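Biologist: I am new to this structure and would like to understand how its descriptions are reached. Could you show it to me and take my questions in turn?

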Amino acid sequence: MDRIRALLRPAGDRNLNRLHRRQALVSVFMRHIQLIKITLFCLGYLWMLALPSPRLGRGTYIDENALGPGQVNTRWNWGDVANADRYLEQLEGLRDSNATSEQHAKAIMTEFTKLGIPASTQNYVFTSSTGKLEGTNAYAVLSSPRTSGTEAMVISASRISRVGEGDGTPNLRGVATVLALANFLKRYSLWAKDIVFVVSDNYVDGMQAWLNAYHGEAQSNLQAEELELASGVIWTALNIDYPGHSFSHLGIFHEGINGRLPNQDLLNSFHHISRWTGGVPVLVYDHLESHQSHIPSWIPRSLHQEIRQYNYRSKNVFRHIGYQARGRGSGVHGLFHQFRIDAFTMFGVPANGPHGFHSIGRVVESTLRTTNNLLERLHASFFFYILTTPERFLKIGSFLPSAVLISVAMMFGGLKLWSDSAWIPAATVQLEKEGDGEGSKWIQRSRPVIPVLGMMLSTHILGGILYSVLTTSWFSNNQTVASALLFLPVATLPLCALLVPSQDTRIVAPVSQLLKALNLCFASTVISITTVANFSLAMSLAILLGIPLSISSPSQSLPLRVIKYAAYIGLGLGWIFAGEELRKALWDWEILRVWFAPFVCAVYTPLVLQAGLVCLLPV
Amino acid sequence: MLVSLPHLLLFLFSWTWGTLAATPSHEEVVGNFFSKNGTPGSTSNHTNNWAVLVCSSRYWFNYRHMANALGMYRTVKRLGIPDSNIILMLADDAACNARNSFPGSVYANPGRGLDLYGDNIEVDYRGYEVTVENFIRVLTGRMEPSVPRSKRLLSDAHSNIFVYMTGHGGNEFLKFQDNEEISAFDIADAFEQMYQKKRYNEILFMIDTCQANTMYSKFYSPNILATGSAEIDQNSYSYENDPDLGVSVIDRFTHYVLEYMERINKTSHESMADLFAYYDPAKIHSNPGVRSDLFHRPLSEVRITDFLGGVAHAEVDTNTNARTEMDGAWAWERLGGARVKAPRVPAEDPDVAKDTPKARQWRDARAWGGVLLVGALVGWVGWRK
């Protein structure tokens, strides 16, 4: 007992003891820093790999009391289905006669007006580096019969389906559903919110114009007519995408632009309603779970189920990260999130059956009854999550640490380098005067930060210039040639670093070491901050930057330096040759204000260029 | 001088009447008569009934709580408590809610057989008036002078009060409209104040909420019988959902209590013990509780109509002391609710007057005097003829 007490409270000065203890702890930490770093990296990457595991995550549930999903009898019947069919015939007629956007919008507006619902159209023009983008939206506002109409719900369908991310497949049945729903919903008197029907032109740009006009947002490259009809604050929006003849499942598409997600309560309510009221199975995206995937026979049979589940979930997680990291919405609903409107797209996965207008009408009716019950915006449940299946999800706590661990490992690496660069072992320095005691083993040297920061700043400026050239119409008109022309100067300019003279490392810390230290610290900070705003982007950065930035190092031989540099250029600037992807990212930025393209130009590429510079600089 | 026969008879009659009247006073006879309430079998000696019905929730999805309170309202009204003796506190945003597919109606059954909102509803505290403060003011009677009588609990020492509460609650608290909570201590202290101010004879406290039984655990005033829907750490569940309304319409505990009450009428002799025996935890999905340690009558002798019925009895006030005490209480109230320690009343009924020997002698003397006077008068009249 006394021994334990002595261990816990050693004799002597308490403060001195505390300092000793702290010193001992720090020195243990510093001695094993390499091991700690590697452990953190391994943990982080393994965690990322484990995200799709069926053992992680938990079942979805509905948190908001007011929703009460699936508790109502639906009244959508075969008569309404017949109405939808009639609307569909008209829309097919318009399509076959190659009607213009305006004719389409006018026809849809007329149908709304025939139902006695105030309706209007809105023309808009986007000007971008790729040229002009014109269209006409049609919309109608069904006023709440018994309230003041300060709140609204939106039911929308874009004229072009999300099939192939808007490859031009018309969303005829989606639009017909909206029209038939308008006909049906106006017969109810229990709507506590206005219902706004929007048939937006094209795939996503129509809705962007409509939403901007609705909220009075100005966008410099958009000329949109003001809306003639107004309603209240929009709380929820359901976007209907029904491109095929029939559908087998309803898929949930929920990612918004810039990585925003709708409140999970909305998706869970929809899932519950679709499953139990509509009898339609629900998918995340359009991924069908296959039970027959091939698994090598040498794997024990008991693991097959888990591997299949892992396989299926990893597809969903990948797709999610693909949308979220690029900041690209997975459909028209994605535009609503920027105005704090919870929205998602229900996508009728094309199939030969068994579901059609009858199912989708009932599901939408019941979902509207649920959102109609809301007394305030959706706020319970989750805004940060990854849906691995329609019934299971990962909470922020179970995925966020993976990227943070890697960011921490990078930060440790950077700080270690920074503190190391201030000292040099005395043994390697021939000094005329011998020191005394242990203190003489290390000699302090200066760390010139300003030139290093200047170097970092210039890479970011270079990124900025790169970005401004990318958004010119010259680039978009001659993309393939321009890519090469742009690549060459950006890739060769940093080679100037080869001309930096080497300094006496006994007095001044080498620039390459300082640059690497600051580069790692900066990259780590960027990743940590991004994790909360857009986890998928942070995770992608952690994968792309984590190890590459940590292993950059200068070398003696010139060819080796150039080869290393070339590898970094490939990593940091290779995307310039991804023609279609680049074009989409730029279009997203110009039309929808998706921050991905500027972020890559001004943050990601410069960070990698800095690592390349580390390799070029003298030892 | 002959005394005529009729006069003699009259004399004899008056004499016997006087002596008979002298032994048990006729006030006592009447008092005994009323203390038995006129209805044989009941042991209560209250003279008026009050009900305080509180629905502490608001919002559409809490429809069932409003239906709970309205169901109780209908029952106590049917059993004879008039609107003037019912304080109904209700958020009242269900019947005229824009989401109600049957506007102006509140139903407690999925079949929508009975419209609880009807055409004769008197909500005393509505919407944002349903607060903890107002509830406690109603119980304790500490009101602004401007508050109308219809919003006051004008009970006295002979009142049996039925207090029903429903809403969302937890361990020792009940939420009022997502805004504030009342704790079990608050209600216990309010009841104690009522007791000290002689605002009740007996209280039946009934509550339907999650962990309801914790709400009466802090009571310490006598003559309170309490019952709740669920034990600590238990939820109280809704009974059924109406698919046309899209919400649950009533809670289980209240549903089964009301179901039982439908068998009761004003003349029913069913006791509280019968009601408590009717509780079925398997049906209610939680364990209802009863607290009777503060209550001094055996539950099998306590009629349900003692609390939920409006049995009107006359009060026989024989004791001048009682009157002054009551006047004192009234004056105290008019002082504006200053905290004066009211004199504690003995637990037994204060109204049965205790005769002192001196008073009895005086009464006897008076009776004999009366007989003599009447006899003399009659004799004198007969003599003059």
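Biologist: Why are helix α4(B) and helix α5(B) called roughly parallel?

Modeller: In this predicted model, helix α4 (residues 132–140) of chain B packs against helix α5 (residues 184–196) of chain B at an angle of about 25°, their axes being 9 Å apart. Angles under 35 degrees count as roughly parallel, and therefore α4(B) is roughly parallel to α5(B). The crossing in which α4(B) passes α5(B) is right-handed.

Biologist: Which residues of α4(B) and α5(B) meet?

Modeller: From α4(B) come B:Val132, B:Ile136, B:Leu139 and B:Thr140, and these meet B:Asp186, B:Ala190, B:Gln193 and B:Met194 in α5(B). The residues of this contact of α4(B) with α5(B) comprise five nonpolar, two polar and one charged.

Biologist: What makes up the contact between chain A and chain B?

Modeller: Chain A gives 15 residues to the contact and chain B gives 12 residues. On the side of chain A that touches chain B, eight residues are polar, five are nonpolar and two are charged.

Biologist: How do you know which parts of chain A carry the label "transmembrane region"?

Modeller: That label comes from the UniProt annotation, an unreviewed entry, which covers several stretches of chain A, including residues 449–469 and 481–500. In the model, residues 449–469 of chain A are 100% helix and 0% strand, with end C-alpha atoms 30 Å apart. Residues 481–500 of chain A, by their own values, are 60% helix and 0% strand, and their end C-alpha atoms lie 32 Å apart.

How values were computed
Residues numbered from 1 in each chain as written. Chains lettered and ligands numbered in written order. Predicted model: local features only at pLDDT ≥ 70, side-chain atom pairs only at ≥ 80, totals over all residues. Axes fitted to C-alpha atoms, helices over the stretch in contact; angles between N-to-C directions. Helix = DSSP H or I, 4+ residues; strand = E, 2+ residues; numbered from the N terminus. Parallel < 35°, antiparallel > 145°, perpendicular 65-115°, else oblique. Left-handed = near helix turned anticlockwise from the far one by under 90°. Contact = placed C-beta atoms within 7 Å. Nonpolar A, V, L, I, M, F, W, Y, C, P; charged D, E, K, R; others polar. UniProt positions renumbered as here; feature names shortened; annotations may be inferred.
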